[in-house]
Amino acid sequence: MATRAPKPPATQAAFVLHHYDWSETSLVLDLFSREHGRLAVVAKGAKRPYSQLRSVLLPFLRLQVTLSKPSKMNEDGAAEVQSLRGAEWVGGQTLPSGAALFSGYYVNELLLKFLPRQDPQPALFDAYAALLPQLPSAEDAQAALRAFEFRLLATCGLLPDLSVLATTQAPLDPERTYMLAPESGVVVPTHDAPQLTGMAFIQLQAALLHGSQAALQQACELAGPTLKPLLRALLHYHLGHRPLRTRQVLLDVQKLLT
């Protein structure tokens with residue numbers, strides 16, 4: 001009886017979030033894949049001049065990758081990773097520049113800090129893929145970034161119900177203004193802090209429940225520039241003592257240019 005030929009390894013969609021040197025010729029990649037979430041992957045020989053991987057293992061490029069079974073990254077077995085068997089750029093978004101590049105690295109850092117490994121989040125992957133082409137557009141980038149921050153927090157279970165008061169669970173008054181307390185949720189303003197109308201919070205919650213990233217982005221655009229400091233405070237609260245390096249680099253660059 002003829003034996004069946006082994007199936008070729010399946011490919012999966014992925015983005016490179018970060019990489020660092022593993023040896024003189026190899027890299028360790030932090031991938032964000034649609035099927036398996038964040039993955040630690042060794043790209044053996046990727047730094048060699050003749051390696052076909054050198055030109056594709058870059059942030060923000062949508063790839064189709066083929067991985068081996070997990071293998072030990074070091075002798076003591078402290079971490080278990082997979083080896084990259086192949087990677088191919090499927091076209092589309094290329095490496096952004098200027099402010100869009102900083103925004104892209106900012107989003108990558110959020111994913112690295114908030115997402116655990118081996119936790120598939122296909123909807124968040126799709127939101128990330130949709131966000132990247134919008135970053136170079138000054139008109140769309142801010143609302144798109146805010147929508148992605150909301151989606152990330154909601155995915156991680158860190159976003160309260162935005163349509164009710166945290167203290168009483170009563171529906172918000174669309175005409176009143178409220179603040180978002182990172183430790184609890186939407187509350188009546190008690191001090192000088194970024195505030196939104198009840199209607200803005202209600203629209204954001206409805207868009208989140210609807211699931212459409214385009215609807216969420218529109219709700220963020222309607223909420224206006226106040227949304228940026230409001231979300232920044234919420235993100236920093238959940239990051240704790242893990243500051244975002246990308247934001248600090250951007251602030252330092254802005255100081256040099258002024």
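Modeller: Ring pairs join Phe15, Phe32, Phe125, Tyr128 and Phe148 into a cluster. This is a predicted model: local features need pLDDT of at least 70, side-chain atom pairs count only at pLDDT 80 or more, and totals for chains, interfaces and linings use all residues. Residues are numbered from 1 along each chain as its sequence is written, and side-chain values use heavy atoms, without hydrogens and water.

Colleague: How many aromatic pairs does the structure hold?

Modeller: Six.

Colleague: Why is the pair of phenylalanine 15 and phenylalanine 125 called tilted?

Modeller: Rings of Phe, Tyr and Trp (its six-membered ring) pair if their centres lie within 6.5 Å; planes under 30 degrees apart are stacked, over 60 edge-to-face, the rest tilted. Phenylalanine 15 and phenylalanine 125 sit 5.4 Å centre to centre, with 45° between the planes, so the pair is tilted.

Colleague: Which elements does that pair link?

Modeller: Phenylalanine 15 is in strand E1 (residues 11-21) and phenylalanine 125 in helix H2 (residues 122-131), 110 residues apart. Helices (H or I, at least four residues) and strands (E, at least two) are DSSP runs, numbered from the N terminus.

Colleague: What makes phenylalanine 15 count as buried?

Modeller: Its relative accessibility is 3%. Buried means under 20% relative accessible area (1.4 Å probe, protein chains only), so phenylalanine 15 qualifies. Phenylalanine 125, at 0%, is buried too.

Colleague: Why is the pair of phenylalanine 32 and tyrosine 128 edge-to-face?

Modeller: The planes of phenylalanine 32 and tyrosine 128 meet at 75°, with centres 5.9 Å apart, so the pair is edge-to-face. Phenylalanine 32 lies in strand E2 (residues 27-33) and tyrosine 128 in helix H2, so the pair ties together parts 96 residues apart in sequence.

Terms used:
Buried < 20%, exposed > 50% of the residue type's maximum accessible area, 1.4 Å probe, protein only.
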